[in-house]
Amino acid sequence: MELTFLGTGVGIPQADRVQSGVLVDTGDSLLLFDCGCGVLGRIYESGYEHKDLNAIIITHLHLDHVGDILALLKANWLIGRTDMQIYGPQGTKDWYAKTMEVYDYLKGRFNVEITELSPEDKFSPEDSDCTIRCAKTAHTDSSLAYRVEQKRKSLVYTGDTEPCEEVMGLSEGADVLIHECSFPLGFPMTNHTTPDMFTLMLEEHPLDVKEIYLTHLYPQMQGHEREAVYHIKKYFEGKVTIAKDLMNLKI
Ligand SMILES: [Zn+2]
Ligand SMILES: [Zn+2]
């Protein structure tokens, strides 16, 4: 399994970080987790092609996680591909229907199949050789984290969340945990993660994962990246890395 961070930023523009997106290449299938604004361009820059995606899997429906989906469907349509599988939390069908309402000229052009998921669900995207498990996150009513497993390798992607027991449980034994870390140490925050919120959770639930990648960085994190890694490493023995756009790793 190979993963490429496409977007490691948030709704506020920053140099070198577009909004959320993680590309997972299982060898047999290409899966895109979240598709915020800027991700379509990053797919091109990564050397992959948007027309080769098997599925788009959404953690939640905030704009910085779905903003480029319509642009991606249109890019596919412009070169002759109209079908797409989209997996997402409860509400994804309604979001898609309402979004399409706005763009009259695109109506009926795409053949999109949407599957709505709930915490504890397990699925395999069509034509894919991996299995994906879902868990509830502490962000919106329906937001989900995902665990991808293939050939005894596994990765977890949290999307947006406060540190929570559900995500810790989902991560047990994973090779890679991609956890959001929106704000720096000591920043007062709910619904997102700071390094100290994360380590409070680690004290209660020691994490059995090999590596942690921190993503979804707000501009307030600029200059505080090393401090975040240093703080988390006091509570976690494995490798901790601040993710960057277009960073690529093999699992
Ligand atoms: Zn969000
Ligand atoms: Zn977000």
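Trainee: Quick one to start: are F5 and Y213 buried or exposed?

Mentor: Both F5 and Y213 are buried, and please keep in mind throughout that we are looking at a predicted model.

Trainee: How are the rings of F5 and Y213 arranged as an aromatic pair?

Mentor: The pair is tilted, with 5.6 Å from centre to centre and 40° between the planes of F5 and Y213. Since F5 belongs to strand β1 and Y213 to strand β12, the pair ties together parts that are 208 residues apart in sequence.

Trainee: And what about F183 and Y218, how do those rings sit?

Mentor: Those two are stacked, because the ring centres of F183 and Y218 are 4.3 Å apart and the planes stand at 25°, where an angle under 30 degrees counts as stacked. F183 is in the loop between β11 and α6, whereas Y218 is in the loop between β12 and α7, so this pair ties together parts 35 residues apart in sequence. F183 counts as buried at 5% relative accessibility, and Y218 is buried too, with a relative accessible area of 18%.

Trainee: How many aromatic pairs does the structure hold?

Mentor: The structure holds nine aromatic pairs, and there is also one aromatic cluster, which is formed by F33, Y87, F123, Y146 and Y157.

Trainee: Is Q14 buried or exposed, then?

Mentor: Q14 counts as buried, because its relative accessibility is 13% and the cut-off for buried is under 20%.

Trainee: Switching to the sheet: what's the strand order?

Mentor: It is an open sheet of seven strands in the order β7-β8-β9-β10-β11-β12-β13, and the pairing is mixed. β7 (122-123) and β13 (239-242) stand at the edges with a single partner strand each, so one side of each has no neighbour in the sheet.

Trainee: What packs on the sheet at β12 and β13?

Mentor: Helix α7, residues 225-233, packs there and touches β12 and β13, and its direction makes about 160° with that of β13.

Trainee: And in which sense do β11 and β12 pair?

Mentor: Strand β11 (residues 176-180) and strand β12 (residues 211-215) pair in the parallel sense, over five bridges. One detail there is that V176 has E211 as its bridge partner in β12.

Trainee: Which residue forms a salt bridge with E211?

Mentor: K239 does, with the closest N and O atoms 3.9 Å apart. That pair links distant parts of the chain, as K239 is in strand β13 and E211 in strand β12, 28 residues apart.

Trainee: How many salt bridges does the count come to?

Mentor: The count comes to 13 salt bridges. Among them, D52 pairs with K51, the closest N and O atoms being 3.1 Å apart, and K107 pairs with D104 at 3.2 Å between the closest N and O atoms. R42, E45 and D245 are linked in a network of salt bridges.

Trainee: How exposed are K107 and D104?

Mentor: K107 counts as partly exposed at 39% relative accessibility, whereas D104 counts as exposed at 59%.

Technical notes: Residues are numbered from 1 along each chain as its sequence is written. Chains are lettered from A and ligands numbered from 1 in the order in which they are written. This is a predicted model: local features need pLDDT of at least 70, side-chain atom pairs count only at pLDDT 80 or more; totals for chains, interfaces and linings use all residues. Side-chain values use heavy atoms; hydrogens and water are left out. Two strands pair if DSSP finds at least two bridges between them. Helices (H or I, at least four residues) and strands (E, at least two) are DSSP runs, numbered from the N terminus. Contact means heavy atoms within 4.5 Å. Axes are lines fitted to C-alpha atoms, for helices over the stretch in contact, and angles run from 0 to 180 degrees between N-to-C directions. Buried means under 20% relative accessible area, exposed over 50%, partly exposed in between (1.4 Å probe, protein chains only). Rings of Phe, Tyr and Trp (its six-membered ring) pair if their centres lie within 6.5 Å; planes under 30 degrees apart count as stacked, over 60 as edge-to-face and the rest as tilted. A salt bridge is a side-chain nitrogen of Lys or Arg within 4 Å of a carboxyl oxygen of Asp or Glu.
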